[in-house]
Amino acid sequence: MIKKIVLLVVILALASCSSSKPAIATTKKAAAVQTRTAAAKRTTPVKPIGKNYPSTNNTTEVIQSTSKTVVTSDLINNYVLQYKDIAMGNMKTYGIPASIILAQGILESGAGRGDLALEANNHFGIKCHKDWLGESVRHDDDAAQECFRKYPQASESYRDHALFLVGKKRYESLFTYEKDDYKAWAKGLRACGYATDPKYPDKLISYIERYNLHQYDCQVTGRNYVPINTSTAPPKKSSYDVASDPKINMNQYDPNLYEVQKGDTLYSISKKFNLLVEDLKKKNNLTDNAISIGQRLKVK
């Protein structure tokens, strides 16, 4: 009897081991597949968005104009938000596409971070030429220590850029294009000799399409805008956007200045523009913390 019981236990144990083997083998196989899949996900390169343009998910790039500038897509988005109203105003007044103005500003100024933009508020790399009577700075470009125009405010650089194109006979053909045909304008600028870089039109078009700058042309013309880069969300406004402040007269708007409002302190203003209080005082030659409503302070 005992032998029969022992034999029965052995048979049951063998049956149990046999039935569990496939489950173990399946688990190992699944683990191997998962491991290979995870490895593949880690090693598969991410394809660029759109027409071989990188995603604007805060990517970093180098802009080479009159100086070499490293910028991020966030900086470019902020630059666009800062100057889009001026660009649209110039489009209405002078007939130059706002998208072209902004793209040139991004490229020529390194999104406002280039040497000429910081030292001379020159956002378009315009040289002195014979008819320039204003201030100037010297900067290495095609030759050493060339003469470039200097402006008291960045908005004046934008206005001078428009007058430069309108006033030069060599650019007359540009104004035969549709006001919002940014591709024709980009190619026309190169053909008229505005830039010597053969890739200049492609660079302008790249910025316009990556950052959906054509929407500002459509705001002026009243046409419907269809985003080209649909994978990129429109730039978000920061917690404080000077251009959208109803208390500021946009006809006199200068992005380098801030008009003191009721309740403002030097500390609160410094926080809005990411400055130290001492830097803000130094920029404005202030000896104490006293400020008054309506006072205009340099913030850039």
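## Disulfide and cysteines

A search of the whole structure finds one disulfide, a term that here denotes a pair of cysteine sulfur atoms within 2.5 Å. The partners are Cys 128 and Cys 147, whose sulfur atoms are 1.9 Å apart. The link of Cys 128 and Cys 147 is left-handed, with -70° about the S-S bond. Cys 128 lies in the loop between α4 and β3 and Cys 147 in strand β4, so the pair ties together parts that are 19 residues apart in sequence. A disulfide is a covalent bond between the sulfur atoms of two cysteines.

Both Cys 128 and Cys 147 are buried. Buried means under 20% relative accessible area, exposed means over 50%, and partly exposed lies in between, with a 1.4 Å probe and protein chains only. Cys 192 is also buried, with a relative accessible area of 14%, and Cys 218 counts as buried at 6% relative accessibility.

## Model and overall composition

This is a predicted model, in which local features need pLDDT of at least 70 and side-chain atom pairs count only at pLDDT 80 or more, whereas totals for chains, interfaces and linings use all residues. Residues are numbered from 1 along each chain as its sequence is written, and side-chain values use heavy atoms, with hydrogens and water left out.

The protein chain contains ten helices and six strands; helices (H or I, at least four residues) and strands (E, at least two) are DSSP runs, numbered from the N terminus. Of its 300 residues, 42% count as buried. The accessible surface of the protein chain comes to about 17800 Å², and 54% of this belongs to carbon and sulfur atoms; the areas come from the Shrake-Rupley method with a 1.4 Å probe, and for residues only the protein chains shown count as cover. Among contacts (heavy atoms within 4.5 Å) between residues at least 6 apart in sequence, 55% join residues at least 24 apart.

## Aromatic cluster

Ten aromatic pairs are found in a search of the whole structure. Rings of Phe, Tyr and Trp (its six-membered ring) pair if their centres lie within 6.5 Å; planes under 30 degrees apart count as stacked, over 60 as edge-to-face and the rest as tilted. The rings of Tyr 79 and Tyr 83 have their centres 4.7 Å apart and their planes at 50°, so this pair is tilted. Tyr 79 and Tyr 83 are four residues apart in helix α2 and are therefore separated by about one helical turn. An α-helix has 3.6 residues a turn, so residues three or four places apart point the same way. Tyr 79 counts as buried at 2% relative accessibility, and Tyr 83 counts as buried at 3%.

Phe 124 and Tyr 158 form an edge-to-face aromatic pair, with 4.9 Å centre to centre and 80° between the planes. This pair links distant parts of the chain: Phe 124 is in the loop between α4 (115–120) and β3 (136–139), Tyr 158 is in helix α5, and the two are 34 residues apart. Both Phe 124 and Tyr 158 are buried. Tyr 79, Tyr 83, Phe 124 and Tyr 158 form one aromatic cluster.

Helix α5 (residues 154–167) has 14 residues, which at 1.5 Å a residue should span 20 Å; its end C-alpha atoms are 20 Å apart, in agreement. The expected span is 1.5 Å times one less than the number of residues. Among the buried residues of α5 are Ala 154, Ser 157, His 161, Phe 164 and Leu 165. What covers the buried residues of α5 includes α2 (73–94), α3 (98–109), β4 (146–149) and α6 (182–191).

Asp 160 is placed in helix α5 and counts as buried at 12% relative accessibility. Leaving aside residues up to four places away in sequence, Asp 160 touches Ile 126, Trp 132, Arg 149 and Tyr 151. The C-alpha atoms of Arg 149 and Leu 133, 16 residues apart along the chain, are separated by 9.1 Å. Leu 133 is in the loop between α4 and β3 and counts as exposed at 83% relative accessibility.

## His 214

His 214 is found in helix α8 (residues 214–221) and counts as buried at 16% relative accessibility. The side chain of His 214 makes a polar contact with the side chain of Asp 217 (2.9 Å). A polar contact is a pair of N or O atoms within 3.5 Å; within protein, one must be able to donate a hydrogen and the other to accept it, and residues adjacent in sequence count only if both atoms are side-chain atoms. Not counting residues up to four places away in sequence, His 214 touches Ser 99, Asp 180, Tyr 182, Ile 208 and Tyr 225.
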